[in-house]
Amino acid sequence: MIFGFGGNSIRINLKTQDIQRIPLENRFAREWLGGRGFISKILYDEVPREADPLGPENKLIVTPGVLSGHLAPTGSKCCFGAISPLSNGHGDSTVGGHFGPELKFAGYDLLIIEEIADKPVYLFIEDDRVEIRDAAKYWGLGSIEAEKLFKEDLGEDFEIAIIGPAGENLVKFACVSHDYGRQAGRCGIGAVMGSKRVKAIAVRGTRSLPTYDVKGTLDFTSAIIKRTAVHPNMAPWQKYGTAMFVGWANEHGVYPTHNFQTTFFDRYAGIDGQPLVDKLLVSNKACFGCWMNCGKYSKVQLPGKPVVFVEGPEYETGALCGGNCGFDRIEDVAYNNWVCDNTGIDSMSGGGIVAFGMECYEKGLITREQLEGHELRWGNVDDFEHFVDMIIYRRGIGDWFADGVVTAASRIGQGAEHFAVQVKGQGMSGYDGRGAPAMLLSYMTADIGAHHNRAWTITMDEDLGKNVIRGKAKVVVYLQHIRPFFDTASCCRLFWGEVDVTAEEHIDAIRLVTGWSDYTLDEAMRLSDRIWNLNRAHYLERNGGPGRKFDYPNARFYEESIPTGPSKGSKLSLDDLNIMLDEYYEARGWGKNGNPSREVLADLDLHDVIANLDKIGMLAELTTPLPQVRGERYKPKAF
Amino acid sequence: MTLYLKAGGMLREYLQPDVDVFTRRVECTEGLSLRDILISIGIRPVHVAMAFSGDRLIPLSHVPSDGETITLRPPVQGG
Amino acid sequence: MRIKVNAKACTGCRLCRQVCTMEKFGEVNPKKARLRIEAAFPEPGTYRPRVCTQCGACARACPSEAIIRDDRGVYHVDPERCTLCGACVEACPLGVMMRWEDGVPYKCDYCWRCTDTCNTGAITRVD
């Protein structure tokens with residue numbers, strides 16, 4: 001028995017219907033920890049480099065990590081991974097709620113789903129029973145309605161991970177939904193699930209999760225609960241969640257507006273957290289074992305539309321489905337959020353791509369005829385909903401957009417690539433990096449494309465100088481190690497970032513549940529570094545090199561200055577981006593071409609990767625010594 | 001007049017609490033806005049996403065009264 | 001002495017269930033907890049904790065007088081006298097007389113671990 005873990009992995013072949021249960025090995029568990037770590041290693045080892053992300057050889061990996069299901073701050077997460085149809089590289093996305101813990105209570109740390117079913121199915125898991133079942137009844141339904149139906153059919157205490165019509169129709173930014181409004185949203189994992197014809201995974205677990213020191217864990221985390229309950233950040237978090245940052249992001253000129261044309265939306269007051277809480281809030285909704293309850297559950301009815309319930313809008317949705325599409329009423333943003341959730345598209349990439357469509361329409365690059373007689377105006381809910389419908393059912397030009405913003409831009413042509421907001425095919429999160437260069441560097445270098453969760457730097461950018469370029473790369477590297485670590489351990493990052501639960505305390509929790517008394521933060525950070533290099537190598541092996549050529553955003557971010565708002569006039573040049581990349585590669589121990597070096601891979605014991613990169617001539621030569629410590633912790637200091 | 005400012009997270013490192021682990025006592029001139037007070041003690045407004053007086057959300061333009069306790073919430077480290 | 005429920009404040013986190021089983025069974029398995037949370041989603045989107053009120057319906061239903069009230073007013077199951085008939089489980093109006101597999105039924109004995117842990121005010125101790 002391995003303490004801390006469910007103890008088993010399952011390998012499910014959808015074509016042969018073969019289901020293998022394999023005990024989890026302690027060595028593998030400690031080496032890769034779960035979540036993002038398991039995903040990274042298995043994708044690298046098992047998926048052929050030429051495999052189509054939406055073909056039979058790609059694998060869908062579902063894995064709660066070590067802390068999921070435990071009383072820890074807070075073990076609520078579950079990672080979904082696959083080769084991403086957006087980036088054509090390693091993809092992982094994390095969802096909160098109760099799904100990961102439930103898998104562990106059923107005794108599983110890892111599901112590896114292979115091949116393609118010959119008809120729509122769902123996976124039924126109840127402790128030892130693992131079955132591939134017919135899903136004809138549920139296929140075609142929206143995520144929210146189908147989840148409800150599953151619960152009615154199987155029982156309220158089943159936890160469901162599900163795709164909507166977008167995933168079924170292989171929309172490349174489709175998400176996996178859970179608990180009526182939580183999503184493993186990014187990287188298009190929902191499309192991979194749809195390509196395998198898996199509508200849902202339903203799980204119920206009644207096992208005791210093997211835990212090394214139950215009483216120690218109880219005392220340890222109870223003390224943290226007591227301490228953080230009176231933390232000044234706790235009450236505001238509980239009341240407003242993340243929505244309140246719409247105002248802040250505007251006041252500091254980083255808020256994406258009208259498809260990132262500018263970074264200030266003058267009518268933001270209508271879509272901030274206060275109107276959300278005042279007008280729409282039904283209840284506060286928390287993930288498993290979390291006492292911060294940042295989830296806001298809302299109810300909204302627009303004239304002529306059905307009453308809808310939606311979890312959110314959270315900040316990212318409030319940005320990308322809000323001001324980025326020109327919406328100035330919280331009701332509209334909440335409705336857009338519901339449209340994305342129920343159809344099963346990521347509300348971040350979804351908002352981003354609709355905004356791109358809106359800018360194309362504004363510029364006359366797409367016509368009313370192409371929109372089936374509709375328009376695509378900023379801030380119009382009907383237009384938003386209709387366009388999403390065209391995308392998820394791939395009607396007309398909706399088909400181009402369903403394949404992601406890069407494909408859409410190339411089909412539209414006429415210079416649309418310039419404002420197709422993305423890095424490596426992944427649409428950008430809700431912060432504009434022109435007013436915060438390190439944030440842009442974070443997007444440029446993230447393993448999955450332009451996503452904010454690897455490193456978030458806005459306050460640091462302000463501290464070190466809003467338009468300063470040099471000296472920021474090391475901090476981005478540090479953040480790219482510490483922040484994704486929480487996805488590897490499958491716990492929520494917010495307790496670390498927001499209420500002063502230290503990274504060391506998360507390591508203490510890992511020691512208590514696993515009994516690995518010598519586990520250290522250094523070991524965890526080394527794992528982060530290994531994952532990062534492995535994913536980079538994987539990307540290069542799939543897409544060719546040099547790595548540097550993939551690390552640029554669309555041209556808007558280095559050719560246009562910010563026209564309005566607090567960051568007015570901020571502009572980055574291509575030279576600026578190159579300086580940041582040079583510093584970044586150096587801090588990582590990579591070559592100037594952005595490829596990992598033999599030295600860094602050897603230092604991380606990734607010897608198989610050295611051999612693979614060497615074979616295709618992609619090992620970088622270092623011109624400077626390998627930095628022994630990669631990345632630098634940022635300590636804020638009052639000026 | 002006297003003002004009590006409370007903060008946690010990264011903001012605490014700027015606030016340098018002296019009353020308890022979260023709270024700093026600040027002596028300031030009456031009539032200044034919260035924004036001005038923050039700047040005068042070395043806190044950039046970018047580090048403050050929200051401010052509360054009790055349960056009530058207040059803007060940075062708020063003019064505090066003597067003895068008031070104000071809680072500052074830093075921005076989410078990436079929504 | 002009772003547990004006061006404020007359903008509006010419940011966030012469905014199930015911390016109460018988690019700490020309950022850790023405290024009472026020394027196990028990490030919230031399904032075994034001595035209290036429940038009912039979730040009504042997607043509509044109307046609310047949670048309702050169900051906790052023992054020590055109403056005594058279980059004791060009244062027990063044919064073998066195996067459920068005894070202590071001087072705090074808390075009911076306990078005596079495993080020696082229990083015949084495993086299950087009448088108490090059926091009698092409980094709130095569904096919080098618990099049974100795991102075919103074992104002796106068990107119930108909340110007001111250890112207060114859950115109320116000490118809940119920090120939203122959904123369940124609180126009232127003396």
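Predicted model: local features only at pLDDT ≥ 70, side-chain atom pairs only at ≥ 80, totals over all residues.
A salt bridge is a side-chain nitrogen of Lys or Arg within 4 Å of a carboxyl oxygen of Asp or Glu.

Strands S1 (2–7), S3 (50–53) and S5 (69–73) and helix H1 (10–15) of chain B each give two or more residues to the side that touches chain A. The largest share, 4 residues, comes from H1(B). Sorted by class, this side of chain B has 15 nonpolar, 8 polar and 6 charged residues.

How many residues of chain B are in contact with chain A? The contact takes in 29 residues of chain B and 34 residues of chain A. The size of an interface is often given as the accessible area lost when the parts come together. For chain B and chain A the buried area is about 2,900 Å², and carbon and sulfur atoms give 62% of it. On the chain B side, B:Val46, B:Arg73 and B:Gln77 lose the most area, together 22% of what that side buries.

Chain C also meets chain A, with 29 residues of chain C in contact with 41 residues of chain A. Here the buried area is about 2,800 Å², of which 58% comes from carbon and sulfur atoms. C:Val28, C:Lys31 and C:Pro42 lose the most area on the chain C side, together 21% of what that side buries. The rule finds 3 salt bridges across this interface. C:Lys31 forms a salt bridge with A:Glu102, with the closest N and O atoms 2.4 Å apart. Residue pairs in polar contact between chain C and chain A number 13. Helix H1 (15–25) and helix H4 (113–117) of chain C each give two or more residues to the side that touches chain A, and H1(C) gives the most, with 5 residues. By class, that side has 13 nonpolar, 9 polar and 7 charged residues.

Is A:Lys285 buried or exposed? Its relative accessible area is 0%, so A:Lys285 counts as buried. Beyond its sequence neighbours, A:Lys285 touches residues of chain A including A:Tyr180, A:Cys294 and A:Glu311, as well as C:Thr11, C:Phe41 and C:Tyr47. The side chain of A:Lys285 also reaches the backbone oxygen of A:Asp179 at 2.7 Å.

Next comes the nonpolar interior. In soluble globular proteins, nonpolar side chains tend to be buried together. The largest nonpolar core in this model has 281 residues, and among those that touch the most other members are A:Val62, A:Phe80 and A:Phe401. Leaving aside neighbours within four places in sequence, A:Phe80 is in contact with residues including A:Ile39, A:Val62, A:Phe99, A:Val176 and A:Ile189. A second, separate core has 12 residues, including A:Phe124 and A:Leu154.

Charged residues also pair up inside chain A. Over all chains, the count comes to 75 salt bridges. One of them joins the side chains of A:Arg36 and A:Asp447, at 2.8 Å from N to O. This pair links distant parts of the chain, 411 residues apart: A:Arg36 lies in helix H2 (residues 35–46), and A:Asp447 in the loop between H17 and H18 of chain A. A:Arg36 counts as buried because its relative accessibility is 1%, and A:Asp447 is buried too, at 9%.

A:His451 lies in the loop between helix H17 (437–445) and helix H18 (458–464) of chain A. At 9% relative accessibility, A:His451 counts as buried. The side chains of A:His451 and A:Arg186 are joined by a polar contact of 3.2 Å. Further contacts of A:His451 include A:Met348, A:Ser429 and A:Tyr443.

Other salt bridges involve partly exposed residues. A:Arg368 and A:Glu375 form one, with the closest N and O atoms 3.6 Å apart. A:Arg368 is partly exposed at 41% relative accessibility, and A:Glu375 is partly exposed at 21%.

How values were computed. Residues numbered from 1 in each chain as written. Chains lettered and ligands numbered in written order. Heavy atoms only, no water. Contact = heavy atoms within 4.5 Å. Buried area = accessible area lost by both parts, 1.4 Å probe. Nonpolar A, V, L, I, M, F, W, Y, C, P; charged D, E, K, R; others polar. Core = buried A, V, L, I, M, F, W, Y, C linked by side-chain atoms within 4.5 Å. Buried < 20%, exposed > 50% of the residue type's maximum accessible area, 1.4 Å probe, protein only. Polar contact = N/O pair within 3.5 Å; in protein donor to acceptor, adjacent residues only side chain to side chain.
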